[in-house]
Amino acid sequence: MALLRAGSKSAPSAVFERMLLGQPKASFGAVYTTLTRLAAKGLADETSSKDESGRARRVFTISGSGRRALQQSLDATATIGGFSVEGGFGALA
Amino acid sequence: MRWPNPLKLSFFAMLACSGVTLVQSLAPIRPTVGPWLDLAANLFQLLALVIFYLTYEQVVSVLRSVDSSTQVEKIEGRSYIVDYLLPPDIAQDVQANMEEVMPIWIAAHGPQRANRIRRAQVFRIVVGHYATPIVAFSERVLAIVRGA
């Protein structure tokens, strides 16, 4: 979701910054490794671009299958009632 | 105030001692060969010190020029472990990302804790880089086993 929100051709640092908005304890190492795994699985497209200093950077864009997987996950969550619980999660106990 | 180099100070102390010895050897001039030998020895000692000093100056000037030409700008967030343990293209990318993320950690936690976080994340990225193919292989094996 953070990769989708960060936009196309996002560097891992941009995705990490996006994640921090909703998850302050996010780990950069986990984000970097997960992006690499997403690219290996074909859920994200990895390309190379140059930054201002002329360094080669890996940038990631969510792929079509990545969007589909995200949509399926959100649909599955919505089907079982989503994240909102009447009376809060304490009411489930 | 900039203090003089201790090596230079010790050299001048040795030079002074040598001068004193030289004067002492000049004092009891006797018509024998002994004092002249002492004088010659002290002159040689003085000459050796001058040569030592000139050599020292040359070595220091060479070292200073080498030091100024090889000084690398310290960049916040750089890690040599990344350069050593990861392939060059990935290492370059990780370094660039770390430089971008480091200010966020410094602002949130302060420089010392930010450094600790950086080391931990570098470790995690390096381990993750080598573990990813193993995990992918395990997933493929599991998929085959489950499919069968």
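Biologist: What share of the 93 residues of chain A counts as buried?
Modeller: This is a predicted model: local features need pLDDT of at least 70, side-chain atom pairs count only at pLDDT 80 or more, and totals for chains, interfaces and linings use all residues. Residues are numbered from 1 along each chain as its sequence is written, while chains are lettered from A and ligands numbered from 1 in the order in which they are written. A residue is buried if 20 or more other C-beta atoms, placed from the backbone, lie within 10 Å of its own, exposed if 12 or fewer do, and partly exposed in between. For chain A the buried share is 29%.

Biologist: In what order do the elements of chain A run?
Modeller: Helices (H or I, at least four residues) and strands (E, at least two) are DSSP runs, numbered from the N terminus. Chain A has 4 helices and 2 strands. From the N terminus on, the pattern is α-α-α-β-β-α.

Biologist: What pattern does chain B follow along the sequence?
Modeller: Of the 148 residues in chain B, 14% are buried. Its secondary structure comes to 5 helices and 0 strands. Chain B therefore reads, by those DSSP runs, as α-α-α-α-α.

Biologist: Which helix supplies the largest share of the side of chain B that touches chain A?
Modeller: Two residues are in contact if their C-beta atoms, placed from the backbone, lie within 7 Å; here the contact takes 19 residues from chain A and 14 residues from chain B. Helix H4 (88-109) and helix H5 (111-147) of chain B each supply at least two residues of the chain B side. The largest share is 8 residues, and it comes from H4(B).

Biologist: How many charged residues are on the side of chain B that touches chain A?
Modeller: Ala, Val, Leu, Ile, Met, Phe, Trp, Tyr, Cys and Pro count as nonpolar, Asp, Glu, Lys and Arg as charged, and the others, Gly among them, as polar. By these classes that side has 5 nonpolar and 5 polar residues, and the number charged is 4.

Biologist: How are H2(A) and H4(B) oriented?
Modeller: Axes are lines fitted to C-alpha atoms, for helices over the stretch in contact, with angles from 0 to 180 degrees between N-to-C directions. The axes of H2(A) and H4(B) come within 9 Å and cross at roughly 25°. Angles under 35 degrees count as roughly parallel, over 145 as roughly antiparallel, 65 to 115 as roughly perpendicular and the rest as oblique. H2(A) and H4(B) are therefore roughly parallel.

Biologist: Which residues of H4(B) make the contact with H2(A)?
Modeller: By class, this contact has 4 nonpolar, 2 polar and 2 charged residues. H2(A) brings Pro12(A), Ser13(A), Phe16(A) and Glu17(A), and H4(B) brings Asn97(B), Glu100(B), Val101(B) and Ile104(B).

Biologist: How far apart are the end C-alpha atoms of helix H3 of chain A?
Modeller: The expected span of a helix is 1.5 Å times one less than its number of residues. For the 14 residues of H3 (residues 28-41) of chain A the expectation is 20 Å, and the end C-alpha atoms agree with it at 20 Å.

Biologist: How many residues of H4(A) are buried?
Modeller: Helix H4 of chain A covers residues 64-79, with its end C-alpha atoms 22 Å apart. It lies largely in the open, because the number buried among its 16 residues is 1.

Biologist: Is Ser48(A) buried or exposed?
Modeller: Ser48(A) sits in strand E1 of chain A. It touches Ala56(A), Arg57(A) and Arg58(A), not counting residues up to four places away in sequence. Because 11 other C-beta atoms lie within 10 Å, Ser48(A) is exposed.
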